[in-house]
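Please look at the sequence and the 3D structure below, and keep both in view while reading.

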Amino acid sequence: MNKERVNIRAGYSISLLVIITLLMSPFVLLAQVPETPQHEDVLPDADPLKVDRFNVEFLIVEGMHFLSIENPSKALDSFMKAHQIMPDNAAINFKIAKILKDSEDTDQALFYISKATEKEKDNYYYQVLKAEILTDKGDLSNAISTYEDLYEFSDDAPDDYLLELAALYLYNGKPDMALKTYDRIENRLGILEEVSTQKQKIYLKQNKLKEAIAEGKNLVEAYPKIGEYAVSVSQILVSNDKKEEAIEYLKEYLDEHPNQAVAEMELAKLYRQTNEIELALDYFEKAFSSEEIQLEDKLNNFVALIQKLSKDEDLSRLKNLGRSILEVHSTDANAFAANGDLYFALKEKDSAKFFYKKAVDINGNNLQLWQNLLSLEMENKNYQKVIDYADEAISFFPNQPVLYLYAGSAHFSLKNFKNAIMFWEQGKSIVYGNDRLKSTFAAQLADAYHASKQYQKAFKTYEEAIKANPTNYFAINNYAYYLSLKKQNLERAKELSTRMVEANPDNATFLDTHAWVLFQKEEYQEALKYLEKAVQNQSSATIIEHYADALYKTGQKEKALEQWKKAKLMGGASDLIDKKISEKKYYDASI
């Protein structure tokens, strides 16, 4: 059992020199002094004419010496020899019992400590050791009796052992006796947090809510400037479906004791939970300006507020809360990151980027922040910034594949295909146990190989991407389309694109790819069917031009010309669009 006691015990030690001096006097009585780790006055009380007093004195001093150098086995040997000469000496029996207890020989320890307590009932050190040994043995009833004897026979026993007694009553299934013992402690020492908390737990377990709350309020009255105690009362009320009562209690407490940040924070949370946002903000503003509230607690509630607020005036106050967090926690990256999250949620992405960058400048060891920053810059097509930030992030996280994915994507967008391939190959090489991510890298690499005209290497890598993730339809789409343009392995292209459109029947890009595979296989009527559906779902120049090509091949030349003209006006058609229109004839744009 843990010994968490109130430190109210005074103690002193006697040097080994003093012990020897006292032992050499033939008329010294055994003195009761607090035990210390190294020295103790253990004096024989027998008639020196009837025992070998000199040997006892020597053995006791020798035993104390061995204890001082942490050699309990030799100390026990010395005390046992002394015990043979003076078997009824209480102090010698006590020392033997303590050494045996420390070595977990509780049966023998109980035998010797019982001899000591029989000899000197009023020595509370002896009684305490006996109670501890009985507790170790699981004999709680006798341990309780021993603690009760301690206070019955000794007027000097410290009050803190009452805590042990109360705990034993609880462990022994006697909560009412524990309550009475806690009352004894309060009568002697006044209101204590540990005691009040334990009494509350007992009352709550007994479904005595009124008494539990009263205990909490007593603690608040005793220590009115400790806001945590008022919060504890409110939490008991909330846990018993008395949220409104908890709110009123905290309001009254703060009226009498203002500027208690912990209580302000708790009241703000309760108002947020009851959707009284204006009142919640009032108290959050007070609590957030305090250094007493941990940043983590502020951020948890800040995030919850971001999800709840919608009115412009509330959003303005929320921004003020964000600034308050920064004022108090100006060196913590999480404070800046939270503001970044706020402005991201508000779609003020330039501000979000600003705060995310500040956060990583303070602490670059947050992968999520780097990803947020990279994602925003990628979205804004700031590709050089993506490259720069990815390089910096990789210096912190060299084994995180996602950073290589961003870097490669930025280089690809800038048509730096060689660099894109380098980053994607590095990233792919450190992907373990994640087939979907490995497939993503392979698909990106295949696109880069194709863009750099390494066609066969590209087709091989597309196959690798599809093998790793058969539902990577973007890889399937590009692979099938590029095969159709090269008019290579069209059966494989048809197999893959068929599977793709069956899984994604309304995706215009996928429908267009499948149709173009069919077109290259000269299955023009079937291709036209898919292109008609694609045109209904999305109108891009490429899809319209393909639709026109299929119309031409199925004999609908006037309609084809009309659609070619439409594709030209949209912008983004093939280089052959003018020739098709001027000559009213289909021309093959395949590679």
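**A walk through the helices**

Not counting residues up to four places away in sequence, I202 touches L170, P175, A178, L179 and Y182, where contact means heavy atoms within 4.5 Å. I202 is found in helix α10, residues 193-205; helices here are DSSP runs (H or I, at least four residues), numbered from the N terminus. With a relative accessible area of 6%, I202 is buried, a word that stands for under 20% relative accessible area, while exposed is over 50% and partly exposed lies in between (1.4 Å probe, protein chains only). I202 and D105, which are 97 residues apart in sequence, lie 34 Å apart in space, C-alpha to C-alpha.

The model is predicted, so local features need pLDDT of at least 70 and side-chain atom pairs count only at pLDDT 80 or more, whereas totals for chains, interfaces and linings use all residues. Residues are numbered from 1 along each chain as its sequence is written, and side-chain values use heavy atoms, with hydrogens and water left out.

N339 is buried, with a relative accessible area of 1%, and, leaving aside its neighbours within four places in sequence, N339 is in contact with F302, G322, R323, L326 and F355.

Next comes a pair of helices. The axes of α12 (residues 227-239) and α14 (residues 261-273) come within 8 Å and cross at roughly 25 degrees, the axes being lines fitted to C-alpha atoms over the stretch in contact, with angles that run from 0 to 180 degrees between N-to-C directions. The two helices α12 and α14 are therefore roughly parallel to each other, a term for angles under 35 degrees. In their contact, E228, V231, S234, Q235 and V238 of α12 meet V262, A263, E266 and L270 of α14. The residues of this contact divide into five nonpolar, two polar and two charged, where Ala, Val, Leu, Ile, Met, Phe, Trp, Tyr, Cys and Pro count as nonpolar, Asp, Glu, Lys and Arg as charged, and the others, Gly among them, as polar.

How far apart are the end C-alpha atoms of helix α24 (residues 435-451)? They are 24 Å apart, which agrees with the 24 Å that its 17 residues should span at 1.5 Å a residue, since the expected span is 1.5 Å times one less than the number of residues. The buried residues of α24 include F441, L445 and Y449, and the buried residues of this helix pack against α22 (401-413), α23 (417-429), α25 (455-468) and α26 (473-486). After α24 comes K453, whose phi is positive, near 65 degrees.

Technical notes: Angles under 35 degrees count as roughly parallel, over 145 as roughly antiparallel, 65 to 115 as roughly perpendicular and the rest as oblique.
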